[in-house]
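Here is a short report for a reader meeting this structure for the first time. Please look over the sequence and the model before reading on.

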Amino acid sequence: MKIEFYGAAKCVTGSCHILKINNKIVLLDCGLYQGKDAREKGNEEFNFDPKAVDYVILSHAHIDHSGRIPLLYKKGFRGKVLCTNGTRDLCNIMLPDSGYIQESEAEWKNRKRIRQGLEAIEPLYTSKIAEESMNLFRGVNYGELIDVFDGLKVRFKDAGHLLGSAILELYVKEGQEEEVKIVYTGDLGNVNKPIIRDPEYINYADYLIMETTYGDRVHGDIDWAFKELINIIKITFERGGNVVIPSFSVGRTQEVLYALNKYVENNELKDITVFVDSPLAANATEVFEKWTEYFDEETKKLLYKGIDPLKFKGVKFTTSIQDSIEINKTQKGAIIISASGMCEAGRIKHHLKHNLWRRESSIVFVGYQAEGTLGRAILDGEKKVRIFGETIAVNAKIYSLEGLSGHADRDGLINWLDKLMEKPKEILLVHGDEKSQNSFNELLKSKEYKSRIMDIGETYYINEDFNRSDQNVKHRIIKLLNSIDNIEGMNKEDLIKEIGKVINRNDNKK
Ligand SMILES: [Zn+2]
């Protein structure tokens with residue numbers, strides 16, 4: 001039984017971990033690399049045969065976790081994708097949208113390539129292929145124990161990160177070996193997030209695959225972050241500018257709308273105009289309104305009172321390109337929420353082009369900005385950035401409200417972990433940049449957890465006497481030496497030969 005770490009190892013995008021049990025291949029997520037990761041690692045090729053994959057068990061719909069499923073399908077995968085019903089419905093709009101982005105990017109590149117006399121390239125996958133891949137999806141309920149195949153059962157627990165998001169409890173049994181429980185956190189949510197419930201606690205895990213996006217940071221209280229947002233809006237409007245919020249269309253946009261609605265309801269914000277400039281955000285809002293059973297108590301109460309928490313006077317969902325262009329005429333007094341959240345693609349780039357150079361306007365980041373993205377460059381204080389081939393000065397006020405993050409911060413991760421009744425045998429850290437992972441790993445060690453940072457391409461053997469991880473080298477060498485008879489009196493060469501034999505024996509067992 002082994003887990004291969006294929007994506008989101010020592011980085012935050014491209015989540016994909018490969019579980020091999022009883023000759024079956026199961027992917028935990030199959031996400032797209034984004035930003036710098038996409039440029040460095042590439043999304044085109046898998047280093048395994050997609051046709052050989054039996055299942056994808058999907059933690060949640062975010063593209064960095066789900067975005068390569070259509071490519072897997074295009075390359076021959078015909079197994080099943082298991083996820084919650086909410087995740088399936090969100091993927092149903094997000095994956096075709098991702099396909100559309102791939103098509104547009106290929107078209108844009110091809111225009112250049114043709115002029116250079118180069119051959120045209122294919123999009124990674126099309127919107128149509130993404131739609132077709134949805135036939136493989138099987139939605140399940142939270143809390144149900146699903147018998148996937150002989151040797152694997154799975155239960156989806158609420159991860160409190162995005163509508164439908166899940167922590168995966170995997171009960172794995174290989175041959176005659178004892179059953180082990182592997183828990184994969186997926187992306188672990190923040191507590192007290194608007195709309196959705198808090199992350200559920202897990203009582204036990206033999207092995208834990210854990211995200212570490214904010215393993216080195218404490219991002220403060222959500223209520224404080226929303227109050228700060230309202231202040232920024234008021235100050236910016238007084239200055240005569242717009243507030244531009246680069247936001248993921250799915251999840252964060254609805255949360256921001258929920259918060260704005262709260263301040264409109266209590267009259268703290270009056271006569272505001274909010275443009276939600278993303279067709280995907282409009283569609284996602286519909287999915288949210290379908291899955292009200294996933295909402296937290298506070299939001300359910302609003303629904304009982306007849307208040308629509310995501311739509312209010314002053315909100316305009318723009319879907320057509322013409323309507324989107326019209327927004328550029330608005331010089332002041334508008335809140336523009338648009339995607340993509342890290343400013344790498346989509347309509348947000350137009351809104352940044354029209355507002356970034358204006359001292360009156362504000363740009364408010366409400367989500368994680370991965371290294372190498374336009375969002376990160378702006379946040380890191382670049383004075384000039386390139387958008388659509390044009391140099392744009394960064395004069396607007398730049399804010400980052402990390403408290404609105406969809407991810408638990410360092411304390412949130414530790415609090416969640418401390419709820420386990422017993423420490424896991426080992427915690428395998430994924431989904432974080434180097435600084436965050438190192439810091440969190442140190443913290444875990446100081447709390448006497450056994451943990452390690454997984455690397456891309458690394459294999460972790462579960463329930464093996466001999467584990468090729470480098471962390472327990474000493475322990476394993478002692479074990480190996482103990483298994484060699486007549487160690488006394490052996491010379492160095494013979495000893496090395498004997499160790500080699502034991503290693504081979506262990507290798508062959510796999
Ligand atoms: Zn996520």
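How many bridges join E12 to E16? Two bridges join these strands, and they run parallel. Helices (H or I, at least four residues) and strands (E, at least two) are DSSP runs, numbered from the N terminus. Two strands pair if DSSP finds at least two bridges between them.

This is a predicted model: local features need pLDDT of at least 70, side-chain atom pairs count only at pLDDT 80 or more, and totals for chains, interfaces and linings use all residues. Residues are numbered from 1 along each chain as its sequence is written, and side-chain values use heavy atoms, with hydrogens and water left out.

## Strand E16 and Ser 362

Ser 362 sits in strand E16 (residues 362–365). Ser 362 counts as buried because its relative accessibility is 0%. Buried means under 20% relative accessible area, exposed over 50%, and partly exposed in between (1.4 Å probe, protein chains only).

In a regular strand the side chains alternate between the two faces of the sheet. In E16, Ser 362 and Val 364 point one way. Ile 363 and Phe 365 point the other way, and all are buried.

Val 244 stands opposite Ile 363 in E16. Four bridges join E16 to E19, again in parallel. There, Lys 397 of E19 is the bridge partner of Ser 362.

Contact means heavy atoms within 4.5 Å. Leaving aside neighbours within four places in sequence, Ser 362 is in contact with residues including Ile 232, Arg 239, Val 244, Lys 397 and Tyr 399. Asp 64 is 298 residues from Ser 362 along the chain, and their C-alpha atoms are separated by 27 Å.

## The parallel sheet

Six strands form an open sheet with parallel pairing, in the order E14-E13-E15-E12-E16-E19. Strand E14 (315–318) and strand E19 (397–400) each have a single partner strand, so one side of each is left without a neighbour in the sheet. Neighbouring strands are turned by 20° against each other on average, direction ignored.

Strand E13 (residues 273–277) and strand E15 (residues 334–338) pair over five bridges, in the parallel sense. Val 274 has Ile 335 in E15 as its bridge partner. Helix H8 (residues 279–290) packs on the sheet and touches E13 and E14. Helix H7 (residues 252–265) lies across strand E12 (243–246), E13, E14 and E15.

## The mixed sheet

An open sheet of seven strands has mixed pairing and the order E7-E8-E9-E10-E11-E20-E21. Strand E7 (145–149) and strand E21 (451–453) are the edge strands, and each pairs on one side only. The twist averages 20° from one strand to the next.

Strand E10 (residues 180–184) and strand E11 (residues 207–211) run parallel, joined by three bridges. Tyr 184 stands opposite Ile 209 in E11. Helix H14 (residues 434–446) packs on the sheet, touching E11, E20 and E21. Helix H13 (residues 410–418) lies across strand E9 (166–172), E10, E11 and strand E20 (426–430).

Axes are lines fitted to C-alpha atoms, for helices over the stretch in contact, and angles run from 0 to 180 degrees between N-to-C directions.

| Helix | Strand | Angle |
|---|---|---|
| H7 | E15 | about 155° |
| H8 | E14 | about 115° |
| H13 | E11 | about 160° |
| H14 | E21 | about 170° |

## The zinc site

Which residues are the protein donors of the zinc ion? They are His 60 (NE2), His 62 (ND1), His 161 (NE2) and Asp 187 (OD), lying 2.1 to 2.3 Å from the ion. Donors are N, O and S atoms within 2.8 Å of the metal (3.2 Å for Na, K and Ca); water is not among the atoms, so sites may look incomplete. The donor residues are spaced H-x1-H-x98-H-x25-D in sequence. Both His 60 and His 62 are buried.

## Annotated domains

The UniProt record (unreviewed entry) gives "domain: Metallo-beta-lactamase" for residues 13–248. UniProt also places "domain: Beta-Casp" (unreviewed entry) at residues 253–378. Positions are in the numbering used here, feature names are shortened, and annotations may be inferred rather than shown by experiment. Residues 13–248 are 31% helix and 24% strand. Residues 253–378 are 42% helix and 14% strand.
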